[in-house]
Amino acid sequence: MALTAIVANFLAAPVSATPPDVIVKAEFSEPTQRYGHAVLGPNAEWGALVLTVDPCLDCGDGRPYEVTIRLPESRVFEDLAPRIVQGDETPTLVMVVESSQTEGARLALYDEQGLYAATPFIGRRYRWLAPISAQDLNGDGWPEFAYIDRPHLAKTLRIWTLKEGELRQVASKAGLTNHKIGQDFITSGLRDCGNGPEIITVNADWSKVMSSRLTESGIVTQELRPLDPDVGLGPVLACEGS
């Protein structure tokens, strides 16, 4: 396991080890400047991830405990907040953006044991990805993970599926983005207006709001409306209008 330390800090010793353990809270800790990219502003790089785990959710037997996953000096979490998502072989995972001092960012999934699965690093320092969603996008029962690869350069939507503990890329589409350098937010999301899940982003020049669907033939995009910077994506994500 490519971690220098995994430290378990128990709030109270679990009464039983009955599986499955469920991650009920996740947050970053140990802010750091050792990478110094500041793509999300000056305060969005972290050295550790703290998970609160319930060993027996809703059964009344278990007592939550904490696990701290600490990265080596060569990597940081470069993200706004960790996201708890549905796993495949485990009930819950945490999705984060993790960056290497020499190889840039990757999308990583952690559970209470440590790294569960990850995409390859982009391959160059200060190259980042902006996460969008984690959900079954095509109805096959397996979760898919969507992000924009290098939203300031490549501007490419990539979708990966998680099957049997492995992330596999299933589709990509150029000409889409969701972030500008220095912004402490990501302009994208997922909606379902009754016809299945749609990934909502903007186009490469920030003039239009775009919908993307994962189909058997790949990613199909549709222009929804001009982008109003003062309004943002709120009405579109709420299925108001188009």
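I started with E78, and found that residue in strand 5, residues 75–78. Strands here (E, at least two residues) and helices (H or I, at least four) are DSSP runs, numbered from the N terminus.

A note on what I'm looking at: this is a predicted model, where local features need pLDDT of at least 70, side-chain atom pairs count only at pLDDT 80 or more, and totals for chains, interfaces and linings use all residues. Residues are numbered from 1 along each chain as its sequence is written, and side-chain values use heavy atoms, with hydrogens and water left out.

Is E78 buried or exposed? I looked up its relative accessible area, which is 1%, so E78 is buried (under 20% is buried, over 50% exposed, partly exposed in between; 1.4 Å probe, protein chains only).

Next I checked what E78 touches, with contact meaning heavy atoms within 4.5 Å. Leaving aside neighbours within four places in sequence, the list includes Y35, H37, V97 and W128. H37 sits 41 residues from E78 along the chain, yet their C-alpha atoms are separated by 8.7 Å.

Then I turned to the cores. A nonpolar core is a set of buried Ala, Val, Leu, Ile, Met, Phe, Trp, Tyr and Cys residues joined through side-chain atoms within 4.5 Å. The largest one has 21 residues, and L109, W128, F145, L162 and L167 touch the most other members. Among the elements giving two or more residues to this core are strand 7 (92–100) and strand 12 (156–163). Another core, of 16 residues, lies apart from it and includes F28 and W46.

Last, the whole chain: I count one helix and 18 strands, and buried residues make up 50% of the 242 residues.
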